[in-house]
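Please look through the sequence and the structure below before reading on.

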Amino acid sequence: MADKFCVFCGNKPQDKNLEHVIPQWLIKMTGRERKDVFVNFPESEKHINFMNYKFPACTKCNSKYAELEAKVRPIMIDVLDNKPISGFQASLLMDWFDKVRVGLWLSRLYLEDEMKYEITPHFYIDSRVAQTDRMLSIYRINMHNNEKGISFIGTTSELFTYFPSAFILLINDVCFVNAATHNLVSPRVGFPTMTQAHALDPLSGKFSFELQPGRHAVKNPVITTFIPKQDSITFYQPIVKTFADDSLVSKDKYIIEHTYDISNGLGGVFVQKGNVGNTRYLTQSDRIGTKTKPIESSVPDVVIEALKIQNIAHDKNPVMSYESEYASNVYQQIVNKYKKLKVH
């Protein structure tokens, strides 16, 4: 692995700049700028100051994503303040979570020496934002004031190490459950399904597949093995960029009517309040409230949920480079480990 690469494009940084994977505005907003964070808890007690959690980037790339940060900041503030957001804003927020999730994965390659020799990245932030189906579930938990801050959960699991497609970001008392992969939501919001997938080049991520027509209707639960919290709001967004020019997409009236940007394969956002209500489509201007009641939950509970969503994302992906049985076994072992940490 090259010693230095831009976390956005993967090339040698041009006009070298530094990217805060967790943005400075969010760090300052939660009062963590003078505090440290565990890098690999509980396996390691290594700490790093949040404001020093920054990595090489091209100046041009950093400027491009600074625009995304500027757009997302007021959206995040509204969510944390229980205020409504629009379908378009939810889509931008999921762009930001794509960026942060992949950025946290890449940051480990800089921070952990053993990772530098174990993994060579073949994708970077720029090639993962809005590329596959994604979801974002938001709920609140009861926390003491001295426990509040920022935590990223699930980013050191063995499954995330090789398949960085799901994690949880905890901001103060708000949990953001995020996942992104092919076939995650498309099949059950009426969009086409990728089948018969076969890897052509595992290193580049290229693969062949067949496309099955969509059902043109939403079916709950959208992700069959994921049940949102009773007091939560969950956004689902199908992404058809991989096959946007296929006639099953480009000429399909249902898809056209439920897509924000058909030329770029950006599907529209569907939303569900709680875990029993119907999932409905949000136009770009439709607004939905984000206020939810806090629930009782512990840190081990949140860790287990992060591991579950990682396992779900892995199983939904039509092409994997390693055995699903192995990944499931690893997942179950770690879940059992955290169950022992729960306070009864």
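How many of the residues of E8 are buried? Strand E8 is mostly covered, with 6 of its 6 residues buried, where buried means under 20% relative accessible area, exposed means over 50%, and partly exposed lies in between, for a 1.4 Å probe and protein chains only. This is a predicted model, in which local features need pLDDT of at least 70 and side-chain atom pairs count only at pLDDT 80 or more, whereas totals for chains, interfaces and linings use all residues. Residues are numbered from 1 along each chain as its sequence is written, and side-chain values use heavy atoms, with hydrogens and water left out.

In a regular strand the side chains alternate between the two faces of the sheet. In E8, Ala166, Ile168 and Leu170 point one way while Phe167, Leu169 and Ile171 point the other way, and all are buried. Helices and strands here are DSSP runs numbered from the N terminus, a helix being H or I over at least four residues and a strand being E over at least two. Two strands count as paired if DSSP finds at least two bridges between them. On one side, E8 pairs with E7 in the antiparallel sense over 4 bridges, and isoleucine 153 stands opposite isoleucine 168 of E8. E8 also pairs with E9, again antiparallel, over 6 bridges, and the bridge partner of alanine 166 in E9 is alanine 179.

E8 and E9 form a hairpin with 2 residues between them, and asparagine 172 in this turn has a positive phi of about 55°. Most residues other than glycine have a negative phi, and most peptide bonds are trans. Asparagine 172 counts as partly exposed, because its relative accessibility is 22%. Leaving aside residues up to four places away in sequence, serine 165 touches Arg101, Phe160, Asn178, Ala179, Ala180 and Ala313, contact meaning heavy atoms within 4.5 Å.

These strands belong to an open sheet of 7 strands with antiparallel pairing, in the order E7-E8-E9-E6-E12-E15-E16. Strand E7 (150-153) and strand E16 (280-282) stand at the edges with a single partner strand each, so one side of each is left without a neighbour in the sheet. Neighbouring strands are turned by 20° against each other on average, direction ignored. Within the sheet, E6 (residues 134-140) and E9 (residues 174-180) pair in the antiparallel sense over 7 bridges, with methionine 135 opposite alanine 179 in E9.

Helix H2 (residues 59-80) packs on the sheet, where it touches E6, E8 and E9, and its direction makes about 130° with that of E9; axes are lines fitted to C-alpha atoms, for helices over the stretch in contact, and angles run from 0 to 180 degrees between N-to-C directions. Helix H8 (residues 299-316) lies across E6, E7, E8 and E9, running at about 150° to E8. Valine 299, which is placed in H8, counts as exposed because its relative accessible area is 51%. H2 also packs against H3, at an angle of about 120° and with the axes 9 Å apart. Among the residues that meet there are Leu68, Val72 and Met76 in H2 and Leu92 and Trp96 in H3.

The largest nonpolar core has 61 residues, of which Met76, Trp96, Leu169, Phe176 and Phe235 touch the most other members; such a core is a set of buried Ala, Val, Leu, Ile, Met, Phe, Trp, Tyr and Cys residues joined through side-chain atoms within 4.5 Å. Helix H3 (residues 87-111) gives the largest share of this core, 14 residues. Beyond four places in sequence, the contacts of tryptophan 96 include Pro23, Trp25, Leu68, Met76 and Leu169. Apart from this core lies another, of 38 residues, among them Ile141, Ala166, Val189 and Ala306.

The mean pLDDT of the protein is 84, and 80% of its residues reach 70 or more, pLDDT being the predictor's confidence in each residue, from 0 to 100. Over residues 39-44 the pLDDT is below 50, and over residues 321-327 it stays under 50. Where pLDDT is low, the predicted coordinates should not be read in detail.
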